[in-house]
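Here is my note on the model, as numbered points. Please keep the structure open while you read.

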Amino acid sequence: FPFPYTPYRIQEQFMEALYGALEAGRVGIFESPTGTGKSLSLICGALSWLRDREEARRQEEARLLALGTGGQARLGSADTAGQPDWVTAFVQKKEERDMVDRLKEEQIRRKKREDRLEKIRHNVHLKYAAKRKRCEEDEAKRLLQLSKEALLQGAGEGALDQLDHNEEELILAEYESDDEKKVVSGLEEDDDDLEEEHVTKIYYCSRTHSQLSQFVREVQKSPFGKDTRLVALGSRQNLCVNEEVRRLGALQLINDRCMEMQKNKHEKKSNEENEEKKRRVCRTVCPFYSYEQMQFLRDEILVEVQDIEQLVSLGRETKACPYYGSRFAIPAAQLVVLPYQMLLHEPTRNAAGIKLKDQIVIIDEAHNLIDTITCIHSAEVSGSQLCCAHSQLSQYMERYRKHLKAKNLMYIKQILYLLEQFVAMLGGNVNQNPGCQAVSQTGTVLKSINDFLFQSQTDNINLFKVRRYCEKSLISRKLFGFVERYGGPASAVKTNKENQKLAGLQNFLLTLQQGSDKEGDPPVEAEHDQLRAASPLMQIEGFLLALTNANQDGRVILNRQGTVGQSSLKFLLLNPAVHFAKVVEECRAVIIAGGTMQPVADFREQLLCCAGVDPARIVEFSCGHVIPPENILPIILCSGPSNQQLEFTYQTRDLPQMMDETGRILCNLCNVIPGGVVCFFPSYEYEKQVYEHWENSGLLSRLAAKKKIFQEPKKANQVEQVLVEYAKCIQRCSQTGGQMTGALLLSVVGGKMSEGINFSDDLGRCVIMVGMPYPNIRSPELREKMTWLDKTMPRAAGQAPSKVLIENLCMKAVNQSIGRAIRHQKDFASVLLLDHRYTRPAIFNKLPQWIRERTQVKSAFGSAFAELRKVRTRLSYI
């Protein structure tokens, strides 16, 4: 790196490269190691470009308005070749008038928005006036409801065709598909003032809500924090303030319940005979979905930068829905912050009102972007879910057959037929207990989408229409309500004849649980909770959606294991670029950023080139680290203390001498390295095997004499406790001194601690990578991906694309793990790669540049140990 190692200079270079990519409309792959102020650089570079662009646009508008009103503008966009002069002159004048009118409307709309926000920003009394008005309206509604109840008291309520009072909500509304009826929008017909033109904006995406909240705090601290219009988006699960809906727990249930409430709000019935039904349904309307309240919330969001937690608090205070209120603020926002799952999934993107045309998209923490796209668009359903959904849906249809319209019955029968055929493909029958049906031919079979549909005899069904029906009719929500009513405890089932028949649903669910209650399976209570948490039909809807992908872009995996209930159908997406193509096509520029992006060949070849991006449009940028060269010591160690060559292949890593050599290396290192040592193993199984071997050989007790040993847990809820104990032990040893010098943490590559955990300062003075964590090439999914790449991708430098994929997956995992130690400018640590294969050029060149430039290759352990002792001696004076 040619410049001095100062954060300011690296940030400046990063911002310059980002500004240039945005100005030129490029697709950029930006790598900036932790500690370089990546988030701050992204904010300042992107917002600086946005301010300059808005200023240039306003100047251009003023110029065009001046020319238009003066009659000197000549647009010439219409095709008037060969037309008379008077026709050409008329067309040009009309274009000039239209342009002037459009620019004037934009200026008026922008001025109105800016005046409104400025008024709210400086007039606190408006907030109290709006709050007082809401309280008065709530009181008026309460009195009105009391008066209605008093009038109807004693009149009684007639049942709808002998249905229970609360059972009307379980009936599917009349369904009209395709062009027969426009979909009910989220707004009233007269709410045109909410439709505001989208200004040029930046969509900033990251993985989790916590990372987005951290980013919002960076915006608040930046020079742009005072006057940036920012909106933070999230799911209903994160933003809903209706406790009745939040109690449902599962995301899909919350979504369906919310959509049902909005549908009830916008249903307009003029027939007087439906008045009684209308009165009962209105109680399911969400009290937080009020146009006036959400309009006020929208303005509050745009006035001041707020994160998700602040937005939820504001929604509760204003009694307005933060989920919809934040979406109403999107058109006028300059910076939209959202999880990148929301942006990468097109149906979710459209539902949120996100328009990418000529906008900027920045995807941070994008090192696993390809895997994320693949997971979002893949789906899996088990045999138990298929059978359970068939039983629920068939009994629902029998119960309400007389009350369902013809189209509802037609689509329900199609779904039932699909479920029957899918179970048949697994070798079972939907009318029998899936936990008791043994599968004759076990194993895994991969099929193309067309072959699967043909063999299951479902190719004559339009899956696009079935999927659309499931989405619009909310059938999964109705079915869940049906199961909640009749699938619970026996005491909850009514005693009339029809309801006694429905007790069979409860018995069937119990047999499913009993059939799966075997060794290694979850207990009955946990399985029952899972069944109640979400309808299996919701999972099946996702699988149907996946089957609408193009035949060449995915595969269907039939996994037949033991019984039908344990078997499953899984859709595997092979070409993630097909879902990323629309993003890069519509956006002005896309920035894919991360702390460790190497190797970047996957992004360029599998994601961008396959999406049709011109290679000339792709730009790569990688900056150095803020730490000086002497603060990191990366070593590739080829042999151990007893001159045993280090090569942790599947054939050799289980040998006792290899495990002993690894233990001896750690014993020597723990004698000279203070604080915390983090050792990464390729898998949980191998880490457990090595630990047991050390315990039997006595090496573990030698290690425990210098470092207290911790193991990474498999359960996510135990990770925090282990990290706290690990940190306390290191702090206690550094304060008290003595023979114990710190702690040793045995972790797993790709586990809970290989990403997102900061082992800064004494928590990670040394990171050790045992072997190379190659993925399991026996996995059917990976083998199919390798075959697909070899067929579709060109060979790179004489290597098959499948081999490049395996190496890239391995090195991405390595780079993420070894980057856990250096977390800020004054941090220092050692990195040991225990395997001579790291010296191969194809592998070595895939290490991050800031590590690769400082890496030392040591063929013998003695020289590596001497380097570590030098570092300890030098750093003891710091």
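1. Start with a cluster. Phe14, Phe30 and Phe621 form one aromatic cluster. The rule for a pair covers rings of Phe, Tyr and Trp (its six-membered ring), with centres within 6.5 Å; planes under 30 degrees apart are stacked, over 60 edge-to-face, and the rest tilted. The count of aromatic pairs by this rule is 16.

2. A word on the source. This is a predicted model, where local features need pLDDT of at least 70 and side-chain atom pairs count only at pLDDT 80 or more, while totals for chains, interfaces and linings use all residues. Residues are numbered from 1 along each chain as its sequence is written, and side-chain values use heavy atoms, with hydrogens and water left out.

3. Now two pairs. A pair of aromatic rings is described by the distance of the centres and the angle of the planes. Tyrosine 411 and tyrosine 469 are stacked, at 4.6 Å centre to centre with 10 degrees between the planes. They link distant parts of the chain: tyrosine 411 is in helix H17 (residues 406-425) and tyrosine 469 in helix H19 (residues 463-473), 58 residues apart. Helices are DSSP runs (H or I, at least four residues), and so are strands (E, at least two); they are numbered from the N terminus. Both tyrosine 411 and tyrosine 469 are buried. Buried means under 20% relative accessible area, exposed over 50%, and partly exposed in between (1.4 Å probe, protein chains only).

4. Why is the pair of phenylalanine 452 and phenylalanine 543 edge-to-face? Because the ring planes are at 90 degrees, with the centres 6.3 Å apart. Phenylalanine 452 lies in helix H18 (residues 449-455) and phenylalanine 543 in helix H24 (residues 536-546), so the pair ties together parts 91 residues apart in sequence. Phenylalanine 452 and phenylalanine 543 are both buried.

5. Next, charges over rings. The test asks for NZ of Lys or CZ of Arg within 6 Å of the ring centre and within 35 degrees of the ring normal. The charged end of arginine 327 sits over the ring of tyrosine 323, 3.8 Å from its centre. Arginine 765 has its charged end over the ring of phenylalanine 828, 3.7 Å from the centre.

6. Look at strand E4 (residues 335-339). It is mostly covered, with 5 of its 5 residues buried. Leu335, Val337 and Pro339 point one way, Val336 and Leu338 the other. Strands pair if DSSP finds at least two bridges between them. E4 runs parallel to strand E2 (residues 202-206), joined by 5 bridges. Tyrosine 203 has valine 336 as its bridge partner in E4. Strand E3 (residues 230-232) is also parallel to E4, with 3 bridges. Here alanine 232 has valine 337 as its partner.

7. Check arginine 653, in the loop between strand E12 (632-637) and helix H27 (656-672). Arginine 653 is buried yet has no salt bridge; aspartate 654, the nearest side chain of opposite charge, is 4.2 Å away. A salt bridge needs a side-chain nitrogen of Lys or Arg within 4 Å of a carboxyl oxygen of Asp or Glu. For charge, Lys and Arg are positive and Asp and Glu negative; His and the chain ends are not counted.

8. Last, the backbone. A cis peptide bond joins glutamine 598 and proline 599, with omega about -10 degrees. Lysine 319 is not a glycine, yet has a positive phi of about 55 degrees.
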